[in-house]
There are 2 protein chains.
Amino acid sequence: MLETFIKGIRITEEELKEELHKNATITTHKKGDFIIKNNQYIKVLKIVLEGKVRVYQENEDREILIYYLNTMETCTLSLSACFEDCKSTVNAIAEEDCTIILNIPVRFVRDWNFKYKSWNRFTINIFRQSYLYLIDQYSNLAFQPLKDRLFDYLVSKAHGGVVKKSHQELAKELGTTREVISRLLKTLEKNKKIHLGQKQIEIV
Amino acid sequence: MLETFIKGIRITEEELKEELHKNATITTHKKGDFIIKNNQYIKVLKIVLEGKVRVYQENEDREILIYYLNTMETCTLSLSACFEDCKSTVNAIAEEDCTIILNIPVRFVRDWNFKYKSWNRFTINIFRQSYLYLIDQYSNLAFQPLKDRLFDYLVSKAHGGVVKKSHQELAKELGTTREVISRLLKTLEKNKKIHLGQKQIEIV
DNA sequence: AGAAAGTTGTGACTTTTGTCACAACAGTCA
DNA sequence: TGACTGTTGTGACAAAAGTCACAACTTTCT
């Protein structure tokens with residue numbers, strides 16, 4: 001059931017479904033656990049069944065988000081690593097308590113890619129979407145002032161007009177420091193764009 | 001001959017070689033020609049046989065490099081577009097006079113991906129390399145001050161310790177303005193890191 | 001309740017980057 | 001040769017972002 005829909009790609013082949021069942025193992029991680037650390041070898045494909053994982057790059061005291069993995073999302077970098085042995089250049093940390101990960105050995109991912117049409121489409125689609133998304137982020141980072149990137153980010157992350165994140169978390173996601181975020185948020189509040197609460201930001 | 005080595009992937013299947021010959025058309029472009037414009041539909045896979053193409057994003061008066069296509073390199077974004085109809089979000093311009101492009105219709109690219117193992121490996125590899133490269137650029141952009149990005153860029157582009165580019169070109173590649181580049185280059189010269197000449201920078 | 005940890009606000013300051021204006025020089029071409 | 005275009009240098013200033021220091025408030029845990 002779970003593996004029949006991944007990122008909008010339906011797994012149709014019965015044989016592939018069986019292979020998935022046979023080879024996948026499921027692990028659980030607590031909030032704050034590292035799923036992968038920078039410079040560590042990646043050996044399995046990771047798909048988040050439930051929970052939330054933050055994949056980011058770090059630099060001394062700062063961090064920047066590459067992507068979040070939410071329920072039923074696949075880690076593009078682990079998929080990428082399946083095709084050539086390599087070390088991770090990012091960190092991944094469980095952001096929510098009950099995270100469950102499905103591990104599929106590298107050689108299967110590679111073989112399935114040519115054996116099953118739906119898996120092939122799945123692979124390509126993950127790469128395509130991730131690449132286009134990253135280019136977009138890249139040019140935003142290059143051209144948009146932080147205050148705009150912050151506001152856009154808040155809008156994109158809002159549930160019912162509300163974002164439940166601390167300033168520190170936002171700083172880590174946007175690649176800056178806490179003080180800078182606090183200041184920009186205050187300015188946005190003065191301009192009636194948002195309303196600030198404790199660990200909560202309401203978009204007006 | 002040409003199509004047997006693309007990005008380190010050897011095309012082995014005789015049938016695929018034949019298909020390439022049969023379906024590819026070769027076009028030439030003059031320096032300064034737009035190969036693709038932002039918001040335009042991409043309909044064919046583009047591989048640069050000779051010359052140099054700059055693929056970039058623009059924003060009002062500034063630009064930032066996504067990648068260069070040199071001899072025998074494949075445009076990742078056109079490859080990506082083969083798998084789903086979409087408009088380009090970037091521009092591509094011929095940077096050198098004699099550019100020749102090989103056009104392969106979308107449906108072939110898609111079909112070959114499942115039909116020929118070497119083509120499949122080729123596709124995946126392009127995506128993998130491009131994605132990893134972009135993540136690296138992304139975190140540099142986020143964390144490295146421009147003066148470091150500039151110096152690193154010069155080192156990476158130097159041939160025999162020399163970079164033949166104007167300050168304006170460097171600005172367009174690094175996503176900033178000409179004056180800023182001029183100033184930073186002067187500082188690098190003062191610090192004995194480089195030596196400045198007319199449209200030429202020598203790395204010490 | 002009280003300590004500890006996490007969160008937010010903010011002033012003062014520095015560094016980095018962007019903008020504008022203008023001058024000087026080099027290379028090209030009629 | 002002289003106009004034109006492209007290239008480089010630079011001062012003055014403005015805006016954006018980062019740093020440091022410290023205070024106050026909230027939440028959590030015991």
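In helix α3 of chain B, which spans residues 106–115, the buried residues are B:Phe108, B:Val109, B:Trp112 and B:Asn113. Viewed along the axis of α3(B), these buried residues lie within an arc of 140°, and they therefore line one face of the helix. The model described here is a predicted one.

**Helix α3 in chain A**
- Helix α3 of chain A, residues 106–115, has A:Phe108, A:Val109, A:Trp112 and A:Asn113 as buried residues.
- As a general principle, an α-helix has 3.6 residues a turn, so residues three or four places apart point the same way.

- B:Tyr116 belongs to the loop between α3 and α4 (117–143) of chain B.
- B:Tyr116 has 20 other C-beta atoms within 10 Å, and a residue counts as buried at 20 or more, so B:Tyr116 is buried.
- Between B:Tyr116 and B:Gln137 there are 21 residues of separation in sequence, and their C-alpha atoms are 32 Å apart in space.

**Helices α5 and α6 in chain B**
- The axis of α5(B) comes within 11 Å of that of α6(B), residues 167–174, and the two cross at roughly 110°.
- Angles of 65 to 115 degrees count as roughly perpendicular, and α5(B) and α6(B) are therefore roughly perpendicular to each other.
- The crossing of α5(B) past α6(B) is right-handed.

**Surface near DNA strand C**
- DNA strand C is surrounded by 20 residues, of which the closest are A:Ser166, B:Pro145, B:Leu146, B:Thr176 and B:Glu179.
- Two or more residues of this surface come from each of α6 (167–174) and α7 (178–190) of chain A, and α5 (146–157) and α7 (178–190) of chain B.
- α7(A) provides the largest share, six residues.
- By type, the residues near DNA strand C comprise five nonpolar, eight polar and seven charged.

**Surface near DNA strand D**
- Around DNA strand D there are 20 residues, and the closest are A:Leu146, A:Thr176, A:Glu179, B:Ser166 and B:His167.
- At least two residues each are supplied by α5 (146–157) and α7 of chain A, and by α6 and α7 of chain B.
- The largest share of the surface near DNA strand D is that of α7(B), with six residues.
- The residues near DNA strand D are divided into five nonpolar, eight polar and seven charged.

Notes: Residues are numbered from 1 along each chain as its sequence is written. Chains are lettered from A and ligands numbered from 1 in the order in which they are written. This is a predicted model: local features need pLDDT of at least 70, side-chain atom pairs count only at pLDDT 80 or more; totals for chains, interfaces and linings use all residues. A residue is buried if 20 or more other C-beta atoms lie within 10 Å of its own, exposed if 12 or fewer, and partly exposed in between; C-beta atoms are placed from the backbone. Helices (H or I, at least four residues) and strands (E, at least two) are DSSP runs, numbered from the N terminus. The arc is that of the directions from the helix axis to the C-beta atoms. A residue is near a molecule or strand if its C-beta atom, placed from the backbone, lies within 6 Å of it. Ala, Val, Leu, Ile, Met, Phe, Trp, Tyr, Cys and Pro count as nonpolar, Asp, Glu, Lys and Arg as charged, and the others, Gly among them, as polar. Axes are lines fitted to C-alpha atoms, for helices over the stretch in contact, and angles run from 0 to 180 degrees between N-to-C directions. Angles under 35 degrees count as roughly parallel, over 145 as roughly antiparallel, 65 to 115 as roughly perpendicular and the rest as oblique. A crossing is left-handed if the near helix is turned anticlockwise from the far one by less than a right angle, and right-handed if clockwise.
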